[in-house]
Amino acid sequence: MTTPPPEPTMPIPTGGEPTMPVPPGGGDATIPTQGETFGGGPGGPGGPGEDEFEEGDNRRLWLIAGGILVLGLIIGVIIAVAASGSDDGTPTTTTSSSTTSSSTTSTSTTTTTTPPTTAAPAPVITQFTVGQNPVSCPQTSQVSLSWVTQNTTGVTISIDNPNGPFGNFGPTDTQKVPFACGNGPGPVQHTYYLTANGAGGQTTQKQVTVTGNFSGTSSSSNLTVPTI
């Protein structure tokens, strides 16, 4: 069997004498008292104690904490100064620039000058004739009228009464109109009126008288009535 090594705290006795003094109170002289170590370890002779290391660590922690605290105070002071600079009651002047666009409305009035109205030219009858004059009765029942006018919109034919229109016709035309011979025996006459109507409402008028002679009557009745 292998003999176990002796306890490290137990020195090998020489000659049966203990190497350590007998502790007070009758303790075992070979067991060191609590808090003591052999050699040069911590707590023993020749090296720093555990309290010194703890004290150094605590000092570093306090220094770090103090630095953080000082830095926080500096930041807080800066923020407070900035905030007080914004809220110190100094009126803030805001300059606003506005551009007013002025629109000028130009009203252009166009005046149209109407030239004076020129009166329409008066109508003119340049020709008004009958085809045969005198006529023979009782054979004749119609006569032929011809006319030429200017500046007219039309003409009106009347028989024996200038205000009793027989019919309306064109400005230049030839028309057959009635001729009444009657019962005789003497000559009979009928007057035909031509009224030319102008564009401006003007009128002009001419007339022609046609004579109808019965057979056996005096030749003096065969007179031509001039056109007026």
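**The disulfide, close up**

Modeller: Cysteine 137 and cysteine 181 are joined by a disulfide, with 2.0 Å from S to S; the term stands for a pair of cysteine sulfur atoms within 2.5 Å. The pair links distant parts of the chain, 44 residues apart: cysteine 137 lies in strand S2 (residues 135-137), and cysteine 181 in the loop between strand S6 (173-178) and strand S7 (188-198). Strands here are DSSP runs of E, at least two residues long, numbered from the N terminus. The structure holds one disulfide, and the link of cysteine 137 and cysteine 181 is left-handed, at -75° about the S-S bond.

A word on the source: this is a predicted model, where local features need pLDDT of at least 70 and side-chain atom pairs count only at pLDDT 80 or more, while totals for chains, interfaces and linings use all residues. Residues are numbered from 1 along each chain as its sequence is written, and side-chain values use heavy atoms, leaving out hydrogens and water.

Are the two cysteines buried or exposed? Cysteine 137 is buried because its relative accessible area is 1%, and buried means under 20%, with exposed over 50% and partly exposed in between (1.4 Å probe, protein chains only). Cysteine 181 has 8% relative accessibility, so cysteine 181 counts as buried too.

Another residue to look at is threonine 156, in strand S4 (residues 152-159). Threonine 156 counts as buried because its relative accessibility is 13%. Setting aside neighbours within four places in sequence, threonine 156 is in contact with several residues, including Pro165, Tyr193 and Asn197; contact means heavy atoms within 4.5 Å.

Conventions: Helices (H or I, at least four residues) and strands (E, at least two) are DSSP runs, numbered from the N terminus.
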